[in-house]
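Work through the exercises below with the sequence and the 3D structure at hand. Each task is followed by a stepwise solution.

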Amino acid sequence: MAKLYFRFGAMNSGKSTAMLQAAYNYEERGQHVLIAKPSIDTKGDMRIVSRLGVTRDADFLIAPDTDVRAEFAERRARALRETGVDISCLLIDEAQFLTPAQVDDALRIAIMDGVPVLAYGIRSDFQTAGFPGSIRLLEVAHSLEELKTICRCGRKAIFNARRIGDRYVFDGEQVAIDGQDVTYESLCGACYLEESHGVLGRA
Ligand SMILES: [Zn+2]
C-alpha cells in the first residue's frame, strides 16, 4: 500500500530543496512524478524555488476549490497516454496551504489509487497556530518526518517569527498580504518567547 508522507519544518529548513531532490531520485531511476503546489500564496506562480538556487515549475497548481484526486487522476491518465509511463509519486510543495478536504484527497490517492504522496510544508504560522492543511496532515499522514533547521542561538528552530523590516510582529493575517516587506525567521521556543514577551498564539 502506498503512503501519505508529511515532511514538515520551520521556514528555511530546506523543504523545497528536499522535495526537488526526492523528485530527482525518482527520475534518475526512469520513473515519472507530478509536482503540485497550492496557489494561495502566490499569484499563480508555478515556480518552486529552493534555497540552493535550484528551481523547477510545478506541474499543476491547487486552488482552494480544486478536487485534488480528480485533477491528479486526469493528469496521471494523460501522462500515461503520452509517455507510456505511469506516475510513481505525487509531490506537494507548501502543503500547509491545502484545505483539510484536499489532504483527505491526498490520503485517498495514496491508499485507493496506490500512488505515494509526499507533502512538504510548515507546521505552524507566525503566531504558533497550525495551518489547517498541516493540522490535517499531522492527523492522517502515515509518516511524519521533521526537517530540522537551527535558530540564531544554535538550538533547533520550531517556530516561524514574522518580521516587517527589522521588527518582529505578532499580529496579522495567517498569510501575509503581498507587497508588505514581510520576512520570516525560524526561532527556537526560547528565542520566540523572548521576542514575543512570553506570548504564544493570538494575543
Ligand atoms: Zn533560539
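A residue is called buried if its relative accessible area is under 20%, and exposed if that area is over 50%. The model used here is predicted.

**Exercise 1.** Find which residues of helix α4 are buried, and state how they are arranged around the helix axis.

Step 1. Helix α4 covers residues 132-140, and its buried residues are G133, S134, L137 and V140.
Step 2. Viewed down the axis of α4, these buried residues fall within an arc of 145°, so they line one face of the helix.
Step 3. The cover over the buried residues of α4 includes β1 (4-8), α3 (100-112), β7 (117-121) and β8.

**Exercise 2.** Identify the residues that touch the most other members of the largest nonpolar core, and the elements that build this core.

Step 1. The largest nonpolar core has 27 residues, of which L4, F72, L90, I109, V117 and L137 touch the most other members.
Step 2. Two or more residues each come from β1, β2 (32-38), β5 (60-62), α2 (68-83), β6 (87-92), α3, β7 and α4.
Step 3. Helix α3 gives the largest share, five residues.
Step 4. Take L90 as a case: leaving out residues up to four places away in sequence, L90 touches L34, A36, F60, F72, I109, V115, P116, V117 and L118.
Step 5. Another core, of 14 residues, lies apart from the largest one; among its members are A22, I35, L91 and Y120.
As background, nonpolar side chains in soluble globular proteins tend to be buried together.

**Exercise 3.** Describe the zinc site: its donors, their spacing along the chain and their geometry.

Step 1. The protein donors are the SG atoms of C151, C153, C188 and C191, at 2.2 to 2.4 Å from the zinc ion.
Step 2. Along the chain, the donors follow the spacing C-x1-C-x34-C-x2-C.
Step 3. C151 has a relative accessible area of 4%, so C151 is buried. C191, at 6%, is buried.

**Exercise 4.** Is I177 buried or exposed, and where does I177 lie?

Step 1. I177 sits in the loop between β10 (167-169) and β11 (182-187).
Step 2. The relative accessible area of I177 is 55%, so I177 is exposed.
Step 3. From I177 to R81, 96 residues apart along the chain, the C-alpha separation is 41 Å.

Conventions: Residues are numbered from 1 along each chain as its sequence is written. This is a predicted model: local features need pLDDT of at least 70, side-chain atom pairs count only at pLDDT 80 or more; totals for chains, interfaces and linings use all residues. Side-chain values use heavy atoms; hydrogens and water are left out. Donors are N, O and S atoms within 2.8 Å of the metal (3.2 Å for Na, K and Ca); water is not among the atoms, so sites may look incomplete. Buried means under 20% relative accessible area, exposed over 50%, partly exposed in between (1.4 Å probe, protein chains only). Helices (H or I, at least four residues) and strands (E, at least two) are DSSP runs, numbered from the N terminus. The arc is that of the directions from the helix axis to the C-beta atoms. Contact means heavy atoms within 4.5 Å. A nonpolar core is a set of buried Ala, Val, Leu, Ile, Met, Phe, Trp, Tyr and Cys residues joined through side-chain atoms within 4.5 Å.
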